[in-house]
Amino acid sequence: MNRLHLPSRLAVLVFSVLVFALSASPAEAKEAVGSRPNIVFMLADDMGWAQPGFNGGNKELTPNIDKLAAKGMKLTQFYTHSVCAPTRGAFLTGRYAFRNWMDWRSEDFGKPSYLKKLGLTLAHTKEGEPTRRIHALDTNERTIAEALKEAGYFTALVGKWHCGEWLKEHLPMQQGFMHQYGHYAWGIDYYSKTIVHNAPARFAVYDWHRNQRPLQEEGYTTDLFAAEAERVIAGQTGQRPFFLYVPFNAVHGPLNEPPRYSDKYDVRGAMLKCLDDAVGRIVAAIDKQEFRDNTLVIFTNDNGPVLEEMSTPYRGTKNTTFEGGVRVPCLVRWPGHTKPGSSNDGMMFIADWFSTFITLAGGKREQELPVDAIDVTEMLFDGAPSPRDEIIFEVAGSVRLPTIRSGDFKLMGDMLFNIKEDPSETTDIAGKHPKIVKKLATRLAEAGKQRPPLGDKPLLMDPPLPYIYGLEENENPPQWLREAVEKVRATQPKSWAPGETPWPQAPKGAHASN
């Protein structure tokens, strides 16, 4: 039949299908390379696989995240490291965390149970006060912010840094970010903007900054991050692309009840709902400023949750390398390049964004340090199989069990699982496959030999209990800041029972400490 005689509605339908097919075709997907899209990368903190509605959670809590899933593509085998700082380090550098000792967090160097595993003891200042050894992302690393800045991008960090909190050279604006807003360390009070302890010191430290200066601001941090991201997006002129990295502190502890929703949900549910609001605001800001079509939007999470029930159907939690600790939700939206409501089962590791972003930006690949990142542009936007067949989660020298996934198999310490057949890791099959165990153990040992020496970490945080993070910022903190910190410290316990600390102890074996 002549198509001119088709009923008008059917003609429109056929035309729409043809337009969509062309917009999602491999030919156009290949044009992603060097197309220099804006990149907005949102990273939740401690959210479980099962918490978003699109993964079986309460849909009332995540309508905006679920909408993003419906408008974009879900990655079903997306992996991270099992705790905050290692994941952030891998994302920023494109390298496994063990290569620069980012598998150890800065605060671990003030915790005796962690130091013991390194053969180190708690450091002391010249005055004899216990303090932490300085540890951060190595300044010799090339970060994705530096790579994109070199490629002509405006780069901004709005959120949680967790890659060094004391020396200036370790802070975000010395690591490639042109704008900084948020906190440096592991997890702040959502209202007071203080870290509850500065291990081994057991009292609060202020940690809220804009462009690495102390910031006095009222409000709930999740809402404030959304507002700052909106400002950054609104400030873009379109004359050059931008990279906006938004690592939320939500839904990480402390469990601070949000300013709304507490009458409908428990505190964890209300915190997740506020996170969803923030995601919705940021996506809406992108669309409002007419950046939608040329902006790659990614929403994912840094590691598993603190409660195993939030990992369903997977086993494990944060700080473990079971699937529940390292397999996380990930959503990708880029109109014309991702099909709405689609899924991609290709294996991907968070470090892979490093090489992928550089490819999209038309940036420079050459650098001094080799990367573990694999460019997955064709997998994401061209329907190609994943080029990744292996992920090294941990090696010897980590506080967690050496773990590798290779193909369908995962070796975790002495345990072996077939992830394809048994994704919930219910059955250890090491006894049935000794050759596979030997092969993967050998691979882990080889990788472990590539870990550089740690050294004795001679630089110390002094004073051991600053008012605010950032050595220069603490030199003369304003009066309002001193008063705010003293007010919080006055409410904190003045003594602890022997063996008790305000922080969790180091993991033992395959399991995280409470």
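1. Ile358 touches Arg142, Ile144, Ala147, Gly363, Lys364 and Arg365, leaving aside residues up to four places away in sequence. Contact here means heavy atoms within 4.5 Å.

2. The model is predicted: local features need pLDDT of at least 70, side-chain atom pairs count only at pLDDT 80 or more, and totals for chains, interfaces and linings use all residues. Numbering runs from 1 along each chain as its sequence is written, and side-chain values use heavy atoms, without hydrogens and water.

3. Ile358 sits in helix α10, residues 352–361. Helices (H or I, at least four residues) and strands (E, at least two) are DSSP runs numbered from the N terminus. Ile358 counts as buried because its relative accessibility is 4%; buried means under 20% relative accessible area (1.4 Å probe, protein chains only).

4. The largest pocket holds about 1,000 Å³ of space. A pocket is an open set of points on a 1 Å grid over the protein atoms alone, where a 1.4 Å probe fits, with protein on both sides within 12 Å along at least five of seven lines; lining residues have an atom within 4 Å of a point. Volume is the space filled by probe spheres set on the points, which are joined across faces, edges and corners.

5. Of the 45 lining residues of the largest pocket, Asp46, His252, Val306, Lys318 and Pro504 lie nearest its centre. Both β7 (194–195) and α8 (267–288) supply at least two residues of that lining.

6. The second largest pocket has about 370 Å³ of space. It is lined by 19 residues, with Asn100, His135, Ala136, Asp138 and Lys457 closest to its centre.

Conventions. Buried < 20%, exposed > 50% of the residue type's maximum accessible area, 1.4 Å probe, protein only.
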